[in-house]
Amino acid sequence: MFSRGYDATSEYKFVSEYGRFLVEPGRLERIEGSELRKMFLPKLTPLGRRALNNSDFVRCQLMHYGVQFEDKEFSGNGTLLLKRVLQAGKCDQVPEHILQLKEQMHAQFLEKCSPSTLVTEPTWAMDKYFLTSGRPDRTKTTGVVGLPLPHRSQYRSQCLIDAANKVPGLNHEKAFGPETQMIFMGWDAAAVKEEAREYPAKAAREQAEACEKREQARDKMHQDYLKTLTRTKGGSKVTRDRSPVGNYIVNSAPFDDYFTDGRKWDLRLKIKQTDAPGVFQADFDFGVLKGVMMICADEEALEEYCREADREEDPDESDSLDDDATEASESEQETSKQGFKRKASGAGFQVSKKSRQRNAREPPPRKYWLQLKCRELEGQIYFDARHGSIDFDDNNLASFQGNADFPSMGRDVSFYARKISDEPSQSMAEWTDYSERQYEYERVRRWH
């Protein structure tokens, strides 16, 4: 984000970005004339030699001072020309038209700045709305300006208030909404107070409207899916086989309310069939936690499946986490995953007799047990399996209520999932990605 000023007679141009006034190519700011004299007069100093490492140095400085010259005057790296210019006093001050251009281009840059950028540099906010050439300008902004900050922000909020206090006659008020705080500023004290007074209720209404609009859009995805559950063939409806496999949108108050700084996630869960009959894998991303759930209608079969998968963590195999092991870690993890996939394929895993004997024409089970492993947003792995269950609302298996023990969230945390498609998960995540071995590998890696 920047603004540019062009000179039709030169390839060099001014650039204003993030408070810097540069000439490119070279991307150099102006150096004070007194400093240039020290660097180049009466003879070239080591500091001057280092500056000349940038082949555009002399041309950039001459452009900053509005010095015109012919190409034939420029030879080598331009040292002789710069010395003559300095001796003639042409770099003692910046021409007025360059100063005006700098201010104009800075204003153009500020116009492109979002409120979130302005609050990081309070002086820019003052320049954009209330100052002209560094002086208070009541004609520049006649209304009330509101700048948003994170709800808990104290440092940036105080910096913005301090900047406003330096502008004579400028009023400010702070107000808090459900997710943000606002600093209102303006020349009319009564108008500023009124905006601050009305903000909490206004912000709450806007948040409620946004949440309703978001939920309507999410529910439409589910309703569109429900319309696909039956199809017409020969004038009659044909019902498809039902399966938990598919993509789901999830609602969970504990996860939705975890953060108070406005962050929101579209909680998702994707279920696929494993190679073991009756066992499903769900990859979930609940924002603060993401991981894998293994799901089965037979609790004993699920326990056996997860126990078999955990046997990949052989306590008799010594994993040295020194430098040599670190170099080989990726291949070890890949080998581990391949071994897990072979075991998960069903060779050595037996589902219960009850599961095998279910008639295909019978309605599918609606209650499933689950075990999960996951990691936090910051990366912490929880390798001990947590338990829970899900109960589908009806035989369509299109929505379910789940309850599980989630780390850091508490026991029996509820979540509600609605299917939006029957497409299986394409994730490459595996149960062993959340193992104790992986936990130790990442723990050691963080400190080496």
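**Close-up views of a predicted model**

**View 1. Phe184 is buried, with a relative accessible area of 6%.** Buried denotes under 20% relative accessible area, computed with a 1.4 Å probe on protein chains only. The structure is a predicted model, in which local features need pLDDT of at least 70 and side-chain atom pairs count only at pLDDT 80 or more, while totals for chains, interfaces and linings use all residues. Residues are numbered from 1 along each chain as its sequence is written, and side-chain values use heavy atoms, with hydrogens and water left out. Phe184 belongs to strand S8; strands (E, at least two residues) and helices (H or I, at least four) are DSSP runs numbered from the N terminus. Not counting residues up to four places away in sequence, Phe184 touches residues including Val144, His172, Val192 and Tyr199 (contact: heavy atoms within 4.5 Å).

**View 2. Strands S6, S8 and S7, in that order, form an open antiparallel sheet.** Strands S6 (145–150) and S7 (171–176) are the edges, each pairing on one side only; pairing requires at least two DSSP bridges between two strands. The twist averages 20° from one strand to the next. S7 and S8 (residues 180–186) are joined by 6 bridges, and His172 stands opposite Met185 in S8.

**View 3. Helix H9 (residues 189–226) lies across S7 and S8.** H9 runs at about 5° to S7, with axes fitted to C-alpha atoms (for helices, over the stretch in contact) and angles from 0 to 180 degrees between N-to-C directions.

**View 4. Gly33, Leu36, Met39 and Phe40 are buried in helix H1 (residues 33–40).** They lie on the same side of H1, because they cover an arc of only 115° around the axis, taken from the directions from the helix axis to the C-beta atoms. Their cover includes helices H2 (46–51), H3 (57–64) and H4 (79–87).

Key. Buried means under 20% relative accessible area, exposed over 50%, partly exposed in between (1.4 Å probe, protein chains only).
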